[in-house]
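Try each task yourself before reading its solution.

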Amino acid sequence: MEKILSRNINVPDSQSLDVYIKRGGYDALKKALSLPSEKVISIVAESGLRGRGGAGFPAGMKWKLLPADRTAARYLICNADEGEPGTFKDRQIIELDPHLLIEGMTIAAYAIGACRGFIYIRGEYDWIARVLVRALREAEDKGFSGVDILNSGHQFCIDVFRGAGSYICGEETALIESLEGKAGRPRLKPPFPAAFGLYGQPTVVQNVATLASIPFIINMGPDVFKSFGKPRSYGTMLFGICGHVNKSGVYEYPMGTSLKKLIYEVAGGIKDNKKLKAVIPGGLSAPILKADEIDIEMDFDSLIAAGSILGTGGIIVLDEDVSIPFVAQKAARFFAHESCGQCTPCREGTSMLKLLIDRIAAAEGSLADIEQVLRLCRYIKGSTLCAMGDAAAFSVGTMVKKFREEFEALVK
Ligand SMILES: Cc1cc2nc3c(=O)[nH]c(=O)nc-3n(C[C@H](O)[C@H](O)[C@H](O)COP(=O)(O)O)c2cc1C
């Protein structure tokens, strides 16, 4: 299968600009710069490219939401926070093919008229950030980034900003606050970043894999991109498969690839020939699927129909020996720890969830505690300032609903 996001990663010295150029790198940027910026937006919109950071919002549509007046400063931010547990796709792009991201970002910046961009990378990815900074310096030296890119008169300067290890800073408005030097707390929306983003200016925030898909779309055209995947979920996805599989790793497959195939063929099946118990299909925030629910296609709509989400495409595979209350405890602790504390339903809700699940997991709970967890999840859903509260409630609540007998076995 032709690759969009991982075509260079097995090539020796794949991070170097020379290798990238030899393999056709920056041709898409040259092509984009020869087109009117509105045309670049319409090509990306036509491709149907949807965000790979979790929410799946169409990229072209997001760009069209920016105000028509281009005189004021506007910004492009690459979200490389990658804080969702079970997710490790963006790091592969940045570490092994950084110029793909820089090229995608520079094309996007040209399309939306941004002269300044930021890559917000999680602090834990320190060595990857160094690869990125080196690649950026190389791109600037050769005129692919910075002032007067390829003598086009277009300017786009990128800064790399290291986060300080907070999950909520992956949420786009918390990320913007953090970039502005404030505590990373989500903003009330609307206004959305397209109208009021970084320093109050129109801003586009896109995930690493979304931006890295753009050079292919410009080079090959939207129809070739749409030949991968399926309607409403075009292109490919970098599926990060981890947990109890024989060959964990990052694999690029078209959207709509069967989850069963990804686990049993691509990732080599369950370790030690054990039975599968459950799968979390899109990072920890995605509601869990039982072993008999994995006969589904990995695309936005199919997962929603199955009661879960595609999320980040980070697939966590759990074998028959895993205690789901133990997983729920880890999840509840994570969300309680990462809640920014700004809104009451998330701050109080996640810490109460943690308290109840801790009690149940320690075999000190009651049936009433299980009911209380489910009630609490219902209250949290839809009532928090950002989607993190929903994530906590869906993740933990679904584990309790689908594996209730395991929780009941622990209570008096
Ligand atoms: C709690 C929380 C954490 C998030 N973390 C990330 C992240 O680490 N990376 C990311 O790209 N998007 C993350 N998002 C989604 C972003 O808010 C935003 O939708 C995304 O960066 C937009 O880019 P995309 O449309 O290209 O996916 C997170 C959202 C929430 C609610």
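**Exercise 1. Work out which domains the ligand lies between in this predicted model.**

Solution. Start with the division of the chain: domain 1 covers 17–227, domain 2 covers 232–318 and domain 3 covers 324–408. Next, look at who supplies the shell around the ligand: domain 1 and domain 3 both give residues to it, so the ligand lies between these two domains.

**Exercise 2. Describe the shell around the ligand: how many residues surround it, and which elements give two or more of them?**

Solution. Begin with the count: the ligand is surrounded by 23 residues, and the closest are Gly51, Gly53, Gly170, Asn207 and Thr210. Two or more shell residues come from each of strand 4 (203–207) and helix 17 (387–402). Strand 4 has the largest share, with 3 residues. Finally, sort the shell by class: 8 residues are nonpolar, 9 are polar and 6 are charged.

**Exercise 3. Decide how helix 14 and helix 15 are oriented to each other.**

Solution. Find helix 14 at residues 324–338 and helix 15 at residues 344–361. Their axes are 8 Å apart, and the packing angle is about 155 degrees. Angles over 145 degrees count as roughly antiparallel, and therefore helix 14 and helix 15 are roughly antiparallel to each other. The crossing of the two is left-handed. To see the contact, pick out residues of helix 14, including Phe326, Ala332 and Phe335, and residues of helix 15, including Leu353, Ile357 and Ile360. Grouped by class, this contact holds 10 nonpolar, 3 polar and 3 charged residues.

**Exercise 4. Now do likewise for helix 6 and helix 7: at roughly what angle do their axes cross?**

Solution. Helix 6 spans residues 98–112 and helix 7 spans residues 126–141. Their axes come within 9 Å and cross at roughly 60 degrees, which makes helix 6 oblique to helix 7. This crossing is right-handed. Helix 6 brings Pro98, His99 and Ile102 to the contact, while helix 7 brings Val131, Leu132, Ala135, Leu136 and Ala139. By class, 7 of the contact residues are nonpolar and 1 is polar, with no charged residue.

**Exercise 5. How many residues of domain 2 are in contact with domain 3?**

Solution. First locate the C-alpha centres of domain 2 and domain 3, which lie 23 Å apart. Then count the contacts: 7 residues of domain 2 touch 10 residues of domain 3. The domain 2 side consists of 5 nonpolar, 1 polar and 1 charged residues.

Key
Residues are numbered from 1 along each chain as its sequence is written. This is a predicted model: local features need pLDDT of at least 70, side-chain atom pairs count only at pLDDT 80 or more; totals for chains, interfaces and linings use all residues. A residue is near a molecule or strand if its C-beta atom, placed from the backbone, lies within 6 Å of it. Helices (H or I, at least four residues) and strands (E, at least two) are DSSP runs, numbered from the N terminus. Ala, Val, Leu, Ile, Met, Phe, Trp, Tyr, Cys and Pro count as nonpolar, Asp, Glu, Lys and Arg as charged, and the others, Gly among them, as polar. Domain bounds come from an automatic or database domain assignment. Axes are lines fitted to C-alpha atoms, for helices over the stretch in contact, and angles run from 0 to 180 degrees between N-to-C directions. Angles under 35 degrees count as roughly parallel, over 145 as roughly antiparallel, 65 to 115 as roughly perpendicular and the rest as oblique. A crossing is left-handed if the near helix is turned anticlockwise from the far one by less than a right angle, and right-handed if clockwise. Two residues are in contact if their C-beta atoms, placed from the backbone, lie within 7 Å.
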